[in-house]
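Biologist: Could you walk me through this model, one question at a time?

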Amino acid sequence: MTNTPNPALMSAGTRTMVKADSVDKNYGSLHVLKDINLDIAAGEVVCLIGPSGSGKSTLLRCINHLERIDGGRMWVDDKVVGYDIKGTKLHEQKDADIRRNRADIGMVFQHFNLFPHMTVLENLIEAPRQVLKQKKTDIIPRALQLLKRVGLADKASAYPRQLSGGQQQRVAIARALCMEPKLMLFDEPTSALDPELVGEVLKVMKDLAQSGMTMVVVTHEMNFARDVADRVIFMAEGTIIEQGPAQQIIRNPQNERTRAFLNSVL
Amino acid sequence: MATIAPTQTPRRSPDDYTTVKAKYLGRWVSGAVILVLAALALQSVVTNSRFGWETVGKYIRDVSIVNGIAVTLMLTAVSMLIGIVLGVVMAVMRLSHNPVVRAAASSYVNFFRGTPVLVQLLFWYNLAALYPVISFGIPGVALDANQIITPITAAILGLGLNQGAYMSEIVRAGILSVDHGQAEAAGALGISRFRTMQRIILPQAMKVIIPPTGNETIGMLKTTSLVSVISVPELLYSSQIIYARTFETIPLLIVASIWYIIITSVLSIGQYYLERRYAKGNQRNLPLTPWQSITLFFTTHHRAHRQGGTR
């Protein structure tokens, strides 16, 4: 690609997977992200927490350009998100290029968004076939392996509506992993689940974190954040209020607003 | 000393009971009144000799009538096919990012929905008066409009283009009925816009598109009778040709009507089962078939354990 590496990233010891540089985002007159600066290293697990409307989901969606940022710059794996650099100019990428770049970034949604007219296996195969142009026979073993990994080896030929919410979300995780991404984004993956189904999804996510995947997770599950995340970021009103090691932020928050938020959810 | 009846009735299994359905006298009365009225109407139809039932019987399988049916069916099928293809194209165009493309599709829909299809048919039929020579702007091509635009092509163009406008609304409603999360998930996986539409959105939109398309097909079958004004020998025009000669107007209109009813009935049955099929997964209990609902009405007793059906 024509992207030149960001010199600031090259000096760092570990590889930076996501970098937000003064990111701004507006919805009309609503300023949802204000001057966000953020570095996420490869292999790091980061949880974004905060009250609803704080901009955490929007920040997540800016990482894979589901939302366009209005100011600053977003980098994923040393490439500017949504633009090509040519000389001193940033050229807006075409829709097709934006989509191709997303192939490296897995995303899991609050409402699963499985394709209901396809079986579980077809859900996993679809994108590698259409986007990576891989052969079906090459994808199927990998897809079955992933289903086994999320504990749904016997559900390959089931339709999404025949599965519980927890099972659907695990399929959605497997579907994202089938693209062999280098970064996984989770947008409130357990918020639409019945309480007794939350654990099975979190377990899959924990296994994934331990396998070394870079993960950015928007969540309200404070226990998960405390036990699995390397770093917790507390956001409110479009800004990062406080961030640090998970244990420290959740057990011993320094900021008044973080403390108030944690008191209300724990 | 007489034995005292046991205070406890012997224990019975649930299968020993039958449920007696509640009786609704009003339903039986209203049903009877309607049946009497229907019988009176039928008697009048049978005894009034001006209906000319012998003539109806004579022409019902007449060669020109049967040929007319073939033309009617062909026009319905071809016009619907054109309508569906155009409808999908126009619906996708109306959801385009390009405002010019959107406006073009909207204008098409406005124009063809805003003018009566009868007027459109007459326009196509008289196209030669507007463009005597059709060249498509290509040098060397010069086609005689009078030869190309036969009554049949005028009919197909008129009906198909008009139907495209209506179908585009149906397809658009279908596309919009698919949850936005589907397009978002496909986009997040990197699937292109075209493939998302083709593989993810349209298959799901079918559930919403198919039932009204069945209605449109039945409507189209009857709308084809309009092309009798541009002398296409479909079912109605074939009947008109005969009664213009024999003056047996009413019997031949009855012949045409009988055939229209037969064909629409067949199509309705097809549509009914198609809708049932697409209702699956939406409803836990499928709607009853007509036969099931009739037998249910005349059933007065249920076995107790059958109440509510099996689960």
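This is a predicted model: local features need pLDDT of at least 70, side-chain atom pairs count only at pLDDT 80 or more; totals for chains, interfaces and linings use all residues.

Modeller: Residues are numbered from 1 along each chain as its sequence is written, chains are lettered from A and ligands numbered from 1 in the order in which they are written, and side-chain values use heavy atoms, with hydrogens and water left out.

Biologist: Let's start with the open sheet of 6 strands in chain A: what is its strand order?

Modeller: Strands here are DSSP runs (E, at least two residues), as helices are (H or I, at least four), numbered from the N terminus. Two strands pair if DSSP finds at least two bridges between them. In this sheet the pairing is mixed, and the edge strands, pairing on one side only, are E8 (105-108) and E12 of chain A. Reading across, the order is E8-E9-E10-E3-E11-E12.

Biologist: Within that sheet, which residue of E11(A) stands opposite Ile49(A)?

Modeller: E3(A) and E11(A) run parallel and are joined by 4 bridges. The residue across from Ile49(A) is Phe234(A).

Biologist: And what angle does helix H7 of chain A make with E10(A)?

Modeller: H7(A) spans residues 195-210 and packs on the sheet, touching E3, E9 and E10 of chain A. Contact means heavy atoms within 4.5 Å. Axes are lines fitted to C-alpha atoms, for helices over the stretch in contact, and angles run from 0 to 180 degrees between N-to-C directions. On that scale, H7(A) makes an angle with E10(A) of about 145 degrees.

Biologist: What about the open sheet of 4 strands: which are its edge strands?

Modeller: The order there is E2-E1-E4-E5 in chain A, with antiparallel pairing. E4(A), residues 71-76, pairs with E5(A) over 2 bridges, and Val76(A) sits opposite Lys79(A). The strands that pair on one side only are E2 (30-41) and E5 (79-80) of chain A.

Biologist: H2(A) lies across E1, E2 and E4; at what angle does H2(A) run to E2(A)?

Modeller: H2(A) covers residues 56-63. This helix also lies across E3, E8, E9, E10 and E11 of chain A, at about 150 degrees to E9(A). Against E2(A), the angle is about 60 degrees.

Biologist: Which residue in the turn of the E6(A)-E7(A) hairpin has a positive phi?

Modeller: E6 (residues 83-86) and E7 (residues 89-92) of chain A run antiparallel, joined by 4 bridges. Ile85(A) has Leu90(A) as its bridge partner. The hairpin leaves 2 residues between the strands, and the one with a phi of about 65 degrees is Gly87(A).

Biologist: Why do the buried residues of H10(A) line one face of the helix?

Modeller: Buried means under 20% relative accessible area, exposed over 50%, partly exposed in between (1.4 Å probe, protein chains only). In H10(A), residues 256-265, the buried ones are Thr258(A), Phe261(A) and Leu262(A). They line one face because, by the directions from the helix axis to the C-beta atoms, they fall within an arc of 95 degrees.

Biologist: Which residues are exposed on the other side of H10(A)?

Modeller: The buried residues are covered by elements including E3, H8, E11, E12 and H9 of chain A. On the other side, the exposed ones are Glu256(A), Asn263(A) and Ser264(A).

Biologist: How many disulfides does the structure hold?

Modeller: A disulfide is a pair of cysteine sulfur atoms within 2.5 Å. The sulfur of Cys47(A) has its closest cysteine sulfur in Cys62(A), at 19 Å, which is too far for a bond. Cys47(A) is buried at 0% relative accessibility, and Cys62(A) is buried at 1%. The count over all chains is 0.

Biologist: Last one: is Tyr159(A) buried, partly exposed or exposed?

Modeller: Tyr159(A) lies in the loop between H5 (136-149) and H6 (165-177) of chain A. Leaving aside residues up to four places away in sequence, Tyr159(A) touches Pro116(A), His117(A), Met118(A) and Thr119(A). With a relative accessible area of 30%, Tyr159(A) is partly exposed.
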